[in-house]
Amino acid sequence: MSPVIEVRNLTRRYARRDVEALRGVSFDVDAGQRFGIVGESGSGKSTLVRLLAALDRPTSGTVSFAGRRIDNVPERKLGFLRSSMQIVFQDPMGSLDPRMRVRDIISEPLGRRSPERVASLLEAVGLPAEAASRYPHQFSGGQRQRISIARALAPNPSVLLADEPVSALDVSVRAQILDLLARLVAEFSLTLVFVSHDLGVVRHVCDRVAVMRRGEIVEIGAVEDVYETPQHEYTRELLAAAPNLRAELARLSGGSAENA
Amino acid sequence: MTLMVEGLRVADLVRDVSFFLGAGERVGLIGESGSGKSLTALSIMGLLPDELRATGSVRLNDRELLGASERELSRLRGNGLSMVFQEPMTALNPAMRVGRQVTEPFRVHGRRGRPADELLAAVGLPGTARAYPHQLSGGQRQRVVLAMALANEPSLLICDEPTTALDVTVQAQILSLIKGSLAEDAALLFITHDLAVVASVCERVLVMLDGEIVERGSTRAVLTTPQHEYTKALLAASDLEALGESRGARPPAGAWGSAPEDGASR
């Protein structure tokens, strides 16, 4: 089976600022994969997300979705992509129209009103049916992210592109949203592309991971391999720098993480 | 140096908060957004928004800070008492070279201080004195803020989520810088929502929930044998590795489905 997303030698240069945001990135995402992209600020994650979603054009290289090029196609011919791929952004407040009711937000990608569909989507993301008639500001950060996810699921996408979806949330809420995403990906047989600066979160959610630095993928592989036996110096550095609760607890309790 | 907070109350947002900080102690204040962590810190600094008033008592070396005049507080801030905020860009003056900003605590307090280059070099930023904040990265800006906070060798440093906006590798550098550059007898109040960070920095920890301290003790005791339901749930939610093993861990009380703004994004 051919991959859902094929990226080949992708480069993106921002000429005005003379920045090479992407410097020859290639990878495949297979159907049903949970593909993580991890990197620090300036690594090119956000540029890559924009290109995967055809919200920007590369300087060179290609992006294909389900076997069709999307990097050189005018917007009016991207209908297939717009319904098959949906994005969940970092800041739910910034990505939800504050003057629309939740039911209108969720049904907007459908292009028609469908109270039944809205109700079933709200249920899928764990929100009460009454939420439909309320406005985004009436919800907490975690609840708003649930609304964004419901909207993303509305057109029955095959690919969910999540760009730092839990970075602005508290830890307990973060855990709930991650669990929700994992459940929905399984339930709706989605392919997930999950972008984050947080190694722990990527490890929790993904089965494959690409580590980016300065516009390049320095390491790519199965999550377990990359985390257990990182090959690239930078991956090792990142892993060492990330605060690890288990390791700290083990240190505090004198060597045994198990009785933590 | 001693800081004694007793019966601190800010409207309904912080209720009956009491704790003590001795010389050389590093204490963590953990909890979620809206739990009252930052208001507690701002009450100590005398920086609460105009519409909020703190009652109770905050004593620094037996000197009452609540109700102290702005003049008196100004003399303390950036001197005996300093603070590092989460977002370095808003904490710095965008129109002033960083060299001039780091030496501001000296000028404000009428001291003869060390040269800017020396202060900046101490936080790993040699030769940046002529730069403006926008020319530096987020981590570099936070170093500048830290250099300012440390300029007058404060006896109490309050850090409010100082690394939340930073990359992990930069976070590690800033944390070791904070740990390494405080005077031995200076106290640290470290606010964070990251349990791994608190475990690596602090020896004692206070857990806040809905405006109250619900658990306190040595970092080791609180994080390895938590007593309060909320602390247990927070630990469970923070340990993503364990979450993967047992899906559907219970969310902390009040984290979900309560007041609309509860747990809102930062």
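## Burial and contacts in chain B

In this predicted model, buried residues account for 48% of the 266 residues of chain B. Among the contacts in chain B with a separation of 6 or more, 65% are between residues 24 or more positions apart.

## Overall form of chain B

Chain B contains 12 helices and 10 strands. Along the principal axes, its C-alpha atoms fill a box of roughly 55 × 40 × 35 Å.

The radius of gyration of chain B is 19 Å, which agrees with the value near 18 Å for a compact globule, because the chain has 266 residues and the expectation follows from that length.

## Confidence

The average pLDDT of chain B is 88, and 91% of the residues score at least 70. Residues 246–266 of chain B, by contrast, have a pLDDT below 50, although this stretch has 54 contacts in the model beyond near neighbours in sequence. Where pLDDT is low, predicted coordinates should not be read in detail.

For the model, the ipTM is 0.71 and the pTM is 0.79.

In chain A, strand β6 spans residues 85–88. A:Met85 and A:Ile87 point one way from this strand, whereas A:Gln86 and A:Val88 point the other way. Side chains in a regular strand alternate between the two faces of the sheet. A:Met85, A:Gln86, A:Ile87 and A:Val88 are all buried.

Strand β6(A) runs parallel to strand β7 of chain A (residues 159–163), and 4 bridges join the two. Within this pairing, A:Met85 stands opposite A:Val159 in β7(A).

Key:
Residues are numbered from 1 along each chain as its sequence is written. Chains are lettered from A and ligands numbered from 1 in the order in which they are written. This is a predicted model: local features need pLDDT of at least 70, side-chain atom pairs count only at pLDDT 80 or more; totals for chains, interfaces and linings use all residues. The radius of gyration is taken over C-alpha atoms; the globule rule is 2.2 Å times the number of residues to the power 0.38. A residue is buried if 20 or more other C-beta atoms lie within 10 Å of its own, exposed if 12 or fewer, and partly exposed in between; C-beta atoms are placed from the backbone. Two residues are in contact if their C-beta atoms, placed from the backbone, lie within 7 Å. pLDDT is the predictor's confidence in each residue, from 0 to 100. Two strands pair if DSSP finds at least two bridges between them.
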